[in-house]
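Could you take a look at this one with me? I've jotted down a few remarks to go with the picture.

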Amino acid sequence: MNGLDTNPLVHQLFDTTAFEIPDPPDAFGQDGGKFYRCYDAFANEIDEDKVKGLKEQLDGLLIFVCLSAQWRFILSTRAHNLPSGSLQAGLFAGINTTFLSLTLPALSKEPTDFTNALIAQNSAISMLLVTGRNDTMPPVSDFETPFEVPLRAVIIVALLSMSLTFALMASFIAVLGRQWLIYYRKRSGGGPDRHRWDQLRRFLGAERWRLELILDDILPSFLQIGLLQFCIALMLFLNSINQTVAMITMIPIAVGLGFFAFSVTGAMWDKFCPFQSPISHFAFTVFRMFVQLGSSLIASSKFLCNGFIKIIDQPRHTCNSLLDAIRHTRFGVRRPSRWQLLSFFPDQQEETVSTLQVIALERVVCTSEDPASLLCAVAQIPCITNVSELRRLWKEDAFRESLLELYTNSYSRNLQLKATGQISPTLAARRLYVVAVTHFLLYLDLPQPYFDLVFPHNALSQEEGFKDLGMWNVEYAPGGSQIFVQTSLSHSIISMTMLQPTAQDVETFCEYLSNCSEALTIPNWRLLCLICWTIAQLPRIKSLHSTDLGSMAVAFRGDIDPAPATIEKALKVLSERNHGSSLDKKKILTNLLICCSQVVAGGHPHPKLGIDQRLILLRSVEEALRTTARSDELEDLVGKMRRSVVAQFRTECFREDSSWGPVTALSKKVFEALISVFAALQEAGRAQRSRLEGAEVVRVLGPLVRDITSNDAVFDWGGEICNIADAPESLQELIDRLRETFGAVTSDSGADQEVQ
């Protein structure tokens, strides 16, 4: 179904002759409301179509079953005021009631039987009087005919009663269904956001509780069962009156039932057969259950036979394992899970807004064919960072196939759209689909075959391929959201791994990377990790085709544990050599340090960075500062990081104890990281002396080290509190190493007096 192609609201919002292809926003839905307006129009049309179709079916069913026999006289006298279809629709209930009224008396004695018995008794008395006999007169009951309910009458009345009951139950559920549909479309209070998510929750609730199944399949099946029962009762009734009439009537009924059986069989054989009905759906379900049961029995038989053969061959070794396997599998048939047993009673947990956003995106991608709506939906995909939601989306066959089809056909699919700027509409649309697919591949760390499927080597070398579309040309460096920069850069790296880059390609890519680093002026941890990973690969950029994309996926997700080492490698590459004449080392280094200072010490600190990881980042930045051209801006950023790390160190590692006073709780990782900071400073100082910088480091970190290494220091080491005198050997060794490295840095910087 195309929910938007004919919708005037969407064509008013997005004129396809001048539509600007969107960029991925920084957060889901923060694109000026374009996606939400598209989705609202799309969802409203689908819901209206659903409700309208169900209402029409319920109205027809109510008219069909709700006209009772008591209304026949009224309808016949006022037939000119009603449509003819209503009169014909009311025939079922009226005829059913008529036949029931004709057959019900057969279940009870005739009232005239007793009267006839009295007349017979009076006649007998009169005869005795006339003949002058004085015989004993039998009671009235002897003159009555014995009454016995005919079995055929019981069957006919039971079938007619059941038929009428099914019809009434169908009408009752139909009335309830009308109320359900009113509630389904009832607008909730609040703004448009609340109404949107409430309506989507109702839609999901209707899907979970099988509203369409009940109103489309189960409800009409009640009426169909009632009709079948009525036909059988009619044949039995006519046969009890006249067999010839019954045989004549049986011919059209048999033809109708035969056609119905044919339609059910055809619907079971072909899922796209137009003769679909509730009975055919039920029959197919039962048939599938029998097939599965047969397959399970066959598998169980094979399992048992193989098991007994193994018992004969190796009785002692196999018997226990076989019995355990039989108990576990229950003769090869798995136990149904709780969800399978209670599949009709779904979880009542309410969906979160983030989950609803993903579901709304999935509905648009899987259902809509409007290019504007699809582009607005695909632009939201890079904003999804919940791994479980992404994995659920990718596992949905309909969504995955639709997205890959959009990606494959993006070159020819969007020619009617006119984008603004230098990038052609074809490239802009294709790049949007590219970054969406890349986000899935890297964030879920999918295996290599998926990369080969999405990025076939022959497609990358075509005229309309990757490089010729300008995916990583300098003039096309994305300047939108950081998410867009990250996914575009990721796709560019993938192209370098798929193709053997030339020297010109490397120069172009380095310049492209320099432009992408400008986005780091606004702190973003994931983008920082990806750019640092890319810089770390520059020494082997011409052999990236052998790169393990798993490590790239780790950097793309911004995993915490390997990030400090990746950032350290990138800073060393920028400090030691310049790869490519177009790589602006100073520009990238400045942007990296700005971002690092923000995620460590600025207004956007990363909440999951441990103190040991912050120390490693500080060590890397200190090394980079001493091996490259310095500026006042860089020195200020590094100084801010030093002070912030010391403050965070004291906050996280020092605490007050009621018995011991100040206690230092340090792990071995923190000790090693702090020692490595001074070891790196000592090594950098030998290569290029900088007494002023060394003195600044000693001034900031000196009081912290003095508190840790003083003789009065108390430690929480391995859950036990101890002082330096009673410290374990492992702790004492770390303290000695810290004193030694810090003393060396202090001596080299000439700051001995200041520390003392």
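Here are my points, going from the whole chain down to single residues.

1. First, a caveat and the overall picture. This is a predicted model. The protein chain holds 33 helices and four strands. Of its 756 residues, 47% count as buried. As for contacts between residues at least 6 apart in sequence, 75% of them join residues at least 24 apart. The chain exposes about 39,400 Å², and carbon and sulfur atoms supply 57% of that area.

2. Now the inside. The largest nonpolar core has 164 residues. Which residues have the most contacts inside it? They are Phe 35, Leu 528, Ile 535, Leu 592, Phe 649, Phe 671 and Ile 708. Take Leu 592: leaving aside residues up to four places away in sequence, Leu 592 touches Leu 520, Leu 528, Ile 531, Cys 532, Ile 535, Leu 571 and Leu 574. Another core, of 15 residues, lies apart from the largest one, and Leu 159, Leu 234, Met 235 and Leu 238 are among its members.

3. Helix H25 is worth a click. This helix covers residues 549-557, and because seven of its nine residues are buried, H25 is largely enclosed by the rest of the structure. The buried ones are Leu 549, Gly 550, Met 552, Ala 553, Ala 555, Phe 556 and Arg 557, so an arginine is on that list too. Just after the helix, Gly 558 takes a positive phi of about 75°.

4. On the outside, have a look at the nonpolar patch. Leu 104, Leu 107, Val 149, Leu 151, Val 154 and Ile 155 form it on the surface, with about 470 Å² of accessible area together. Leu 151 belongs to helix H7, which runs over residues 151-184. With a relative accessible area of 63%, Leu 151 is exposed, because the cut-off for that label is over 50%.

5. Is His 195 buried or exposed? His 195 is buried, at 15% relative accessible area, and sits in helix H8 (residues 192-208). Its side chain makes a polar contact of 3.2 Å with the side chain of Arg 187. Not counting residues up to four places away in sequence, His 195 touches Arg 187 and Ser 188.

6. Asp 40 goes with the previous point. Asp 40 and His 195 are 155 residues apart in sequence, yet their C-alpha atoms are 9.8 Å apart in space. Asp 40 lies in helix H2 (residues 34-66). Its relative accessible area is 24%, which makes Asp 40 partly exposed.

7. Last, some backbone angles to check. Most residues other than glycine have a negative phi. Arg 210 is not a glycine, although its phi is positive, about 55°. Arg 210 is placed in the loop between H8 and helix H9 (211-241), and counts as partly exposed at 27% relative accessibility. Asp 445 is another residue other than glycine with a positive phi, near 50°. Where does Asp 445 lie? In the loop between helix H19 (425-443) and helix H20 (448-454). With a relative accessible area of 37%, Asp 445 is also partly exposed.

Technical notes. Residues numbered from 1 in each chain as written. Predicted model: local features only at pLDDT ≥ 70, side-chain atom pairs only at ≥ 80, totals over all residues. Heavy atoms only, no water. Helix = DSSP H or I, 4+ residues; strand = E, 2+ residues; numbered from the N terminus. Buried < 20%, exposed > 50% of the residue type's maximum accessible area, 1.4 Å probe, protein only. Contact = heavy atoms within 4.5 Å. Areas by Shrake-Rupley, 256 points an atom, 1.4 Å probe, with all protein chains shown as cover. Core = buried A, V, L, I, M, F, W, Y, C linked by side-chain atoms within 4.5 Å. Patch = residues over 30% accessible without salt bridge, like charges linked within 9 Å, V, L, I, M, F, W, Y side chains within 5 Å. Salt bridge = Lys/Arg side-chain N within 4 Å of Asp/Glu carboxyl O. Polar contact = N/O pair within 3.5 Å; in protein donor to acceptor, adjacent residues only side chain to side chain.
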